[in-house]
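Me: I've got a structure here and I'd like to know where the labels come from. Can you take me through a few of them?

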Amino acid sequence: MEQDYQDYPEYPDYDYDYEYEDEPAPRKRRKRKKKRRGMGCLGAILYVLVIIGISLLLSTVAIFSANDVFALVKEDVERTFTVESDTLLGDLADELEAYGIINYSPLFQLFIRFTNDNTTIHTGTYTLNPTYDYQQIIRVLQRRETSTVEIEVSIPEGYTNAQIKERLIERGVCAEADINEYLNDYNYKHDYLEDRLPASDGWLEGYLFPDTYKFNANNAKMTLNKMLNNFKSKYDEPIQEGAEALGRTQHEIVTIASLLEREAKADDEFARIAGVIYNRLGNPDFPRLEIDATLLYALGEHKEVLTDADKEVDSPYNTYKVQGLPPGPICNPGYTALYAATHPEQHDYYYYVAMPDGTHLFAHSYEEHQQNIQKAREAASQPASEEE
């Protein structure tokens with residue numbers, strides 16, 4: 001069937017000539033100014049220097065702060081401090097700094113805030129020392145009875161910790177329960193004791209320096225810490241240099257010094273006996289020191305004559321059986337012994353025997369030593385009138 005094309009709707013007349021928008025022109029890149037390399041390096045160097053400077057400043061502040069809190073290196077001098085009227089401990093900080101007992105009042109006040117020790121301090125006069133750490137200062141001021149009573153006590157060279165404890169108790173310086181706690185269980189913060197922590201029975205043997213002291217009553221911690229502070233000051237540069245030259249640790253030096261303290265009597269023999277000890281330690285033909293004083297320490301008693309049975313005692317302090325040095329000091333040595341332990345006399349003696357007057361005969365060989373033993377026995381058997 002024929003259809004009239006006019007019956008269909010007319011199609012629009014499409015115009016295929018599209019008009020496109022103009023494309024954006026490419027952006028021109030800005031030319032960046034080249035940074036001068038020299039200025040960049042200089043800035044980096046300045047940055048590093050600033051960081052180093054800040055680090056050094058912070059380290060210095062930390063060191064000085066720790067020294068003040070723990071009284072690591074401070075002048076050992078007693079100073080009398082008077083509290084004019086009852087006041088809070090924190091309010092005394094500036095006065096403590098003015099008296100030279102502490103260095104930094106704000107740090108002391110911060111310490112009090114963190115430890116909650118800001119108690120009332122009563123009117124009175126107190127004896128303090130810059131070598132006291134912050135906790136010690138607080139305890140003295142809080143316990144008035146410990147600061148007003150001073151007791152003078154002499155601790156002889158060569159005393160053991162047990163003997164020191166007995167003397168302090170007898171003189172009324174400390175109660176036995178208190179001194180036992182601070183002698184064996186308290187971790188003191190002295191740097192030279194770090195390698196020996198934690199505290200245990202006998203760990204302070206050798207480090208309670210013998211001297212004449214004025215102690216505050218009823219404060220065992222302060223009493224013992226005063227002796228430990230004294231040890232630190234006496235273990236001076238000549239002794240440190242001598243120990244380094246010998247390649248010995250501080251604990252080994254104190255141990256050797258304690259042997260000398262118990263063996264030597266005449267001052268001019270300390271270094272000579274030290275030479276014998278080092279000669280034996282350095283010679284494989286003499287593996288054992290065979291020192292009577294160490295055996296007596298192991299036995300825990302004094303005996304004029306040691307038997308063969310005594311020499312078989314099973315103890316690390318029995319140098320007739322164990323090789324080398326005992327595990328620690330056998331007493332508390334004085335300065336002469338410490339110096340001799342780090343400056344031994346150079347010789348080839350390997351033996352010595354004590355004479356009745358406390359001096360010794362020294363020998364190079366075992367045969368010569370036996371002859372000296374016979375001389376010592378003959379001298380001991382002579383009546384006192386003949387000796388004079």
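Me: Why is Arg 272 called partly exposed?

Reply: Arg 272 has a relative accessible area of 29%. Buried means under 20%, exposed means over 50%, and partly exposed is in between (1.4 Å probe, protein chains only), so Arg 272 counts as partly exposed. Keep in mind that this is a predicted model, where local features need pLDDT of at least 70, side-chain atom pairs count only at pLDDT 80 or more, and totals for chains, interfaces and linings use all residues. Residues are numbered from 1 along each chain as its sequence is written, and side-chain values use heavy atoms, with hydrogens and water left out.

Me: What makes Arg 272 and Glu 345 a salt bridge?

Reply: Their side chains meet at 3.1 Å, N to O. The rule asks for a side-chain nitrogen of Lys or Arg within 4 Å of a carboxyl oxygen of Asp or Glu, so this pair qualifies. Arg 272 is in helix H11 and Glu 345 in the loop between helix H13 and E7, 73 residues apart. Helices (H or I, at least four residues) and strands (E, at least two) are DSSP runs, numbered from the N terminus.

Me: How many salt bridges does that rule give?

Reply: The count is 4. Among them is Glu 75 with Arg 79, at 3.3 Å.

Me: Why does Glu 75 count as exposed?

Reply: Its relative accessibility is 52%, so Glu 75 lands in the exposed class.

Me: How do you know that strands E7 and E8 pair?

Reply: Pairing takes at least two DSSP bridges between two strands. E7 and E8 are joined by 4 and run antiparallel, so they pair.
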